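Keep the chain open beside this text.

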Amino acid sequence: MSSAGSFTSADRTTISKAASLAEGLTWSFFDLPADEWKRNPYGIYTRREVDKTLHEPDVFARVVRYRPPNRSGSTGDRDRYGIVLQDSNILLALLRSGALDLWTLGLFVLTHELIHIVRFRKHNIDFFASAEERDNEEKVVQAMTKEILAGVTNTDRLLSLYESQAELTRG
Ligand SMILES: [Zn+2]
């Protein structure tokens, strides 16, 4: 997949707003504690901000897990999650579709990735599962994404994009 550039600062603002809505939607869907996202902050990163080993040609986004050092400098005991957005892939898909906007696609991608994070943290989904288990988990997460967003936005066009580019749904 050729490069279609990186998010501008205006794009980042759109993504932040979409993330806020995605947090609210997943919070409500999973009946999470009121301060869930405050107590468990996650980072959103773009390709420029991460090591090249995290650049992927065929996905919109991927969840990463890491263990930040605690105050004394040794390894902490709590995992943190982050979402790495493959912004060039997202922008290219928008260019190709001609009909979608970053707000809508961003909301879709972020909701999907936040569902992954909730399920890793709370539902004992194995971050290092086998390929087959990961495929099953993708199906579950995709179905939940569809359910959550069905009442929010017209997801038909988004879903047809996802289904026509099967590789991109695996993130
Ligand atoms: Zn996924």
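In which loop does Asn-124 lie? Asn-124 sits in the loop between helix 4 and helix 5 (131-150). Its phi is near 55°, a positive value in a residue other than glycine. Asn-124 counts as exposed because it has 7 C-beta neighbours inside 10 Å.

Some ground rules come next. The model is predicted: local features need pLDDT of at least 70, side-chain atom pairs count only at pLDDT 80 or more, and totals for chains, interfaces and linings use all residues. Residues are numbered from 1 along each chain as its sequence is written. Helices (H or I, at least four residues) and strands (E, at least two) are DSSP runs, numbered from the N terminus. A residue is buried if 20 or more other C-beta atoms lie within 10 Å of its own, exposed if 12 or fewer, and partly exposed in between, with C-beta atoms placed from the backbone.

Now the overall plan. The protein has six helices and three strands. From the N terminus, the elements run α-α-β-β-β-α-α-α-α. Of its 171 residues, 25% count as buried. Two residues are in contact if their C-beta atoms, placed from the backbone, lie within 7 Å. Among contacts with a separation of 6 or more, 74% come from residues 24 or more positions apart.

Asp-31 lies in the loop between helix 1 (9-30) and helix 2 (36-39). The phi of Asp-31 is near 55°, again positive in a residue other than glycine. Asp-31 counts as exposed, since 7 C-beta neighbours fall inside 10 Å.

The sheet is next. Strands of a sheet pair through backbone hydrogen bonds, either parallel or antiparallel. Here, three strands form an open sheet in the order 1-3-2, with mixed pairing. Strands 1 and 2 are the edge strands, and each pairs on one side only. The twist averages 30° from one strand to the next. Helix 4 packs on this sheet and touches strand 2 and strand 3. The direction of helix 4 makes about 30° with that of strand 2.

Look at the pairings in turn; two strands pair if DSSP finds at least two bridges between them. Strand 1 (residues 43-46) and strand 3 (residues 80-85) run parallel, joined by four bridges. Ile-44 has Ile-83 of strand 3 as its bridge partner. Strand 2 (residues 61-66) runs antiparallel to strand 3, with six bridges. Arg-65 stands opposite Tyr-81 in strand 3.

Turn to helix packing. Two packed helices are described by the angle between their axes and the distance between the axes. Axes are lines fitted to C-alpha atoms, for helices over the stretch in contact, and angles run from 0 to 180 degrees between N-to-C directions. The axes of helix 3 (residues 87-97) and helix 4 (residues 102-122) come within 11 Å and cross at roughly 130°. Helix 3 is therefore oblique to helix 4; angles under 35 degrees count as roughly parallel, over 145 as roughly antiparallel, 65 to 115 as roughly perpendicular and the rest as oblique. Helix 3 contributes Ile-90, Ala-93 and Leu-94 to the contact, and helix 4 contributes Leu-102, Leu-105 and Val-109. These residues divide into six nonpolar, no polar and no charged. Ala, Val, Leu, Ile, Met, Phe, Trp, Tyr, Cys and Pro count as nonpolar, Asp, Glu, Lys and Arg as charged, and the others, Gly among them, as polar.

Finally, the buried residues of helix 3 are Asp-87, Ser-88, Asn-89, Ile-90 and Ala-93. Gly-98 follows helix 3, with a positive phi near 70°.
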